[in-house]
Amino acid sequence: MRLDEGWQLTLSAPDAAAGPADLATFSDRIAARVPGTVAGALAAAGHYRAEDPLPLHDKDAWFVCQVDVANPGARALRLDGLATIAEVYWNGEQVLSSDSMFLAHEVCVEARASNELAICFRALGPHLYKKGPRARWRPQLAVSQGLRLIRTTLLGHMPGWCPDVHAVGPWRPISLMKPDGALVTVKRLDARLGADGAGLLSLVFSMDGSQDTAFLHCAGATATATLADDGDWRAELRIPEVAPWWPHTHGDPVLHDIEIEAGGLRFDLGRTGFRRIEVDKGGDGKGFALKINGVDVFCRGAVWTTPDIVNLPCDRESYRHLLDLARKAGMNMLRIGGTMTYEGPEFFALCDELGLMVWQDFQFANYDYPVKDEAFVALVEAEARQFLEATQACPSLAVICGGSEIYQQGAMLGLPEERWKGPLSETLLAGIAKNLRPDVPYVANSPCGGAQPFSPNEGIAHYYGVGAYLRPLEDARRANVRFAAECLAFSNVPQQRTLDAHLSVRPGHDPRWKARVPRDRGAGWDFEDVRDHYLTRLYGEDPAALRYGDPGRYLDLSRAVTGEVMEATFAEWRRAASSCGGALVWTFQDLLPGAGWGVVDATGEPKPAWYALKRAFRPVQIALTDEGTNGLAIHTINETADERNLILSIACLREGRTPVVSGRRELALAPRQSMEIAATDLFGAFFDTTYAYRFGPPSHDVTVARLSDPATGESVAEAFHFPLGFPHAQTALELGVGVEGNERDGWRMRLTADRFAQSVHVADENFRPDDDWFHLAPGTEKVILLTPRDDTVSGATPQGLVAALNGSGTQFY
């Protein structure tokens with residue numbers, strides 16, 4: 001019996017009500033939903049805005065609900081998450097006290113026909129000032145040092161990173177159950193893929209009643225369970241040649257139903273997938289990469305935040321759209337960092353289905369945690385066990401990590417290793433992970449490894465050489481990155497339709513704009529300054545002059561530049577000779593509409609950077625890298641399990657339209673093969689593709705390389721190189737635009753250009769293109785699929801505009 005409806009919320013001063021009986025004197029009550037938060041209830045009532053949040057940790061919050069029970073008697077009250085200092089009262093009697101946001105609880109209660117359930121969330125503020133064990137360092141990440149002593153999320157407490165929306169309330173479901181309602185209780189469920197391709201399923205469970213036999217069924221195979229002396233049933237199932245689970249970029253994420261049969265009944269235990277994960281540290285033992293089912297997998301994606309910082313939802317509907325966007329972008333991994341929250345079961349169920357791997361940090365970040373405090377350690381152990389038990393047999397869980405930037409924080413403050421490397425992540429969490437999920441690699445901290453824990457040339461890095469540290473694009477190779485669990489943080493500008501609806505102010509000039517730009521606390525710069533640095537470096541234009549004189553062009557260049565940097569960086573990291581085993585962009589989604597870190601904005605609309613990553617992450621890919629006097633290198637990649645017969649072509653264009661040299665080759669890319677080819681091999685003679693030798697004036701300004709399907713001629717992937725840098729001047733550019741289709745069969749746009757078109761943008765109020773801010777070569781046709789937005793009315797037809805950064809006009813359709 002889910003207790004979702006009928007809740008009332010009352011706010012009071014700290015300790016103004018000792019128990020629910022004292023609430024009779026309070027008249028201000030509003031409706032609330034569970035699972036939910038105080039901020040969410042206030043926002044629904046029109047009393048709260050995430051853009052200008054009210055403080056919530058300086059008051060008590062009471063959630064009260066009447067619970068009617070048809071058949072009174074003993075019940076189990078389950079509370080899956082209470083944020084954060086909570087007291088639970090059943091019919092006026094306190095039955096639970098909780099001081100961790102991340103723990104679920106189950107208590108026995110006696111249910112009458114009519115009952116009152118009241119939960120008080122005590123003001124967190126006073127607890128933040130309580131004394132605890134002395135910390136060995138003080139990080140700048142959050143405003144309160146007391147947060148290291150309390151098991152709650154850092155979201156809402158990190159100025160410059162996210163709005164001050166405090167997590168308070170019953171943020172996870174509450175249920176009332178009969179004590180004997182669970183006929184089958186799973187205690188341990190392990191699924192893995194053997195080296196011989198067999199699926200191995202191990203199950204420990206208990207059953208109510210006296211059963212003589214029980215059977216485990218999965219993937220067409222059956223095993224007989226045996227009753228052990230401890231009263232638990234055990235079953236081991238081997239499934240020869242089982243269809244394995246793959247990240248979607250490398251195969252199908254096949255899932256199999258699990259059932260127990262006993263006493264003539266079948267019990268559904270959900271689904272699992274069979275996969276094998278190994279860590280490849282490279283020939284020198286200093287790297288980090290994943291092998292899935294024996295195959296090297298380049299992990300790419302982003303760091304997850306939350307679907308909604310106000311409500312902190314955990315339902316399938318809230319996750320679905322965002323996870324679909326991650327898959328459509330070619331991402332195969334999302335990281336939940338130690339500054340966020342644990343996501344709900346539906347998150348992992350969807351990742352299982354969609355073939356998205358999850359790197360999960362335990363929720364510890366930056367602080368020196370009190371690991372000698374026995375009560376704190378008990379909370380940590382319970383938290384880690386509950387999370388791993390809730391996600392057992394989830395094939396999407398691919399990496400477990402002890403936390404975020406704890407090692408880095410101590411090391412950057414100049415402390416010796418023995419001060420910042422401690423038992424929390426080295427022994428406590430590591431031991432629990434090894435015991436409950438031995439099939440998942442464990443990493444002590446992110447970052448870690450190397451001469452310093454943040455050195456990118458060994459182990460796990462948070463790489464911001466290209467990005468916050470303003471290094472040239474070549475640093476992505478020079479740094480010898482092994483695995484970037486975070487990278488490429490920029491103030492990514494959203495599409496204009498989002499700004500028009502939610503932040504219609506001048507960029508950089510209005511304090512409301514700057515309030516949405518992320519920054520590190522205490523730093524004299526923000527991530528818009530980082531973006532502006534690369535805008536100047538790539539386009540040769542002055543951001544300040546553009547903001548004053550042509551703010552529209554400033555926004556368009558800002559939208560394009562972060563995507564260009566991301567595409568160029570991943571081209572380096574994905575080439576065959578690269579040392580990099582994976583990289584995750586900081587972050588996946590914004591928390592407020594504006595130029596935040598996310599590649600998806602807070603409304604769920606993909607930003608231009610999302611489209612760039614979609615191109616950079618293609619499983620069948622082509623990329624170009626400038627090798628100086630060695631010329632232009634062509635990199636082709638086939639991550640799929642099938643051989644791909646393709647046509648590789650390349651052309652160097654003068655004035656963006658006239659080929660001065662070109663080449664073509666039939667190419668057979670074997671499964672999982674990456675190949676590097678010198679561009680001159682396709683020309684058959686020397687040509688200065690990179691303009692490195694400078695024997696006279698430059699002969700071309702853009703190079704276009706393409707992989708195409710020999711049967712249909714359709715482009716599979718394209719790459720571009722600019723030996724003289726990006727075009728600066730806007731020219732008279734003719735774009736051919738045609739739209740065809742209907743509501744039933746879908747809509748397609750056909751685009752052509754008479755010369756190279758830079759960062760072509762499609763803007764349509766009712767339809768979303770499947771590619772945007774892309775380059776378009778002359779002499780070819782690009783087909784764009786147009787998908788109706790969620791709020792598009794039936795019968796609407798595509799109507800909008802197409803423009804290019806180097807074009808002097810706009811084409812309407």
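Strand β29 and strand β30 (residues 632–638) run antiparallel and are joined by seven bridges. Across this pair, Thr625 faces Ala633 in β30. Keep in mind as you look around that the model is predicted.

The two strands belong to an open, three-stranded sheet with antiparallel pairing, in the order β29-β30-β33. Because β29 and β33 stand at the edges with a single partner strand each, one side of each has no neighbour in the sheet. On average, neighbouring strands here are turned by 20 degrees against each other, direction ignored.

| Strand | Residues |
|---|---|
| β29 | 620–626 |
| β30 | 632–638 |
| β33 | 673–678 |

Now to the largest nonpolar core, which has 190 residues; Leu77 and Phe588 touch the most other members. Helix α14 (residues 551–574) gives the most to this core, nine residues. Beyond its neighbours within four places in sequence, Leu77 is in contact with residues including Leu3, Trp90, Val107, Leu117 and Ile174. Another core, of 26 residues, lies apart from this one, and Ala191, Ala221, Leu237 and Phe274 are among them.

Helix α12 (residues 527–539) is worth a visit too: its 13 residues reach 18 Å from first C-alpha to last, close to the 18 Å expected at 1.5 Å a residue. At its start, a side-chain oxygen of Asp526 comes to within 3.0 Å of the backbone nitrogen of Glu528. The buried residues of α12 include Phe527, Arg531, Asp532 and Leu535, and its buried residues pack against α11 (511–515), α13 (543–549), α14 and β38 (757–764). Just after the helix, Gly540 adopts a positive phi of about 70 degrees.

How values were computed
Residues are numbered from 1 along each chain as its sequence is written. This is a predicted model: local features need pLDDT of at least 70, side-chain atom pairs count only at pLDDT 80 or more; totals for chains, interfaces and linings use all residues. Side-chain values use heavy atoms; hydrogens and water are left out. Two strands pair if DSSP finds at least two bridges between them. Helices (H or I, at least four residues) and strands (E, at least two) are DSSP runs, numbered from the N terminus. Axes are lines fitted to C-alpha atoms, for helices over the stretch in contact, and angles run from 0 to 180 degrees between N-to-C directions. A nonpolar core is a set of buried Ala, Val, Leu, Ile, Met, Phe, Trp, Tyr and Cys residues joined through side-chain atoms within 4.5 Å. Buried means under 20% relative accessible area, exposed over 50%, partly exposed in between (1.4 Å probe, protein chains only). Contact means heavy atoms within 4.5 Å. The expected span of a helix is 1.5 Å times one less than its number of residues. A polar contact is a pair of N or O atoms within 3.5 Å; within protein, one must be able to donate a hydrogen and the other to accept it, and residues adjacent in sequence count only if both atoms are side-chain atoms.
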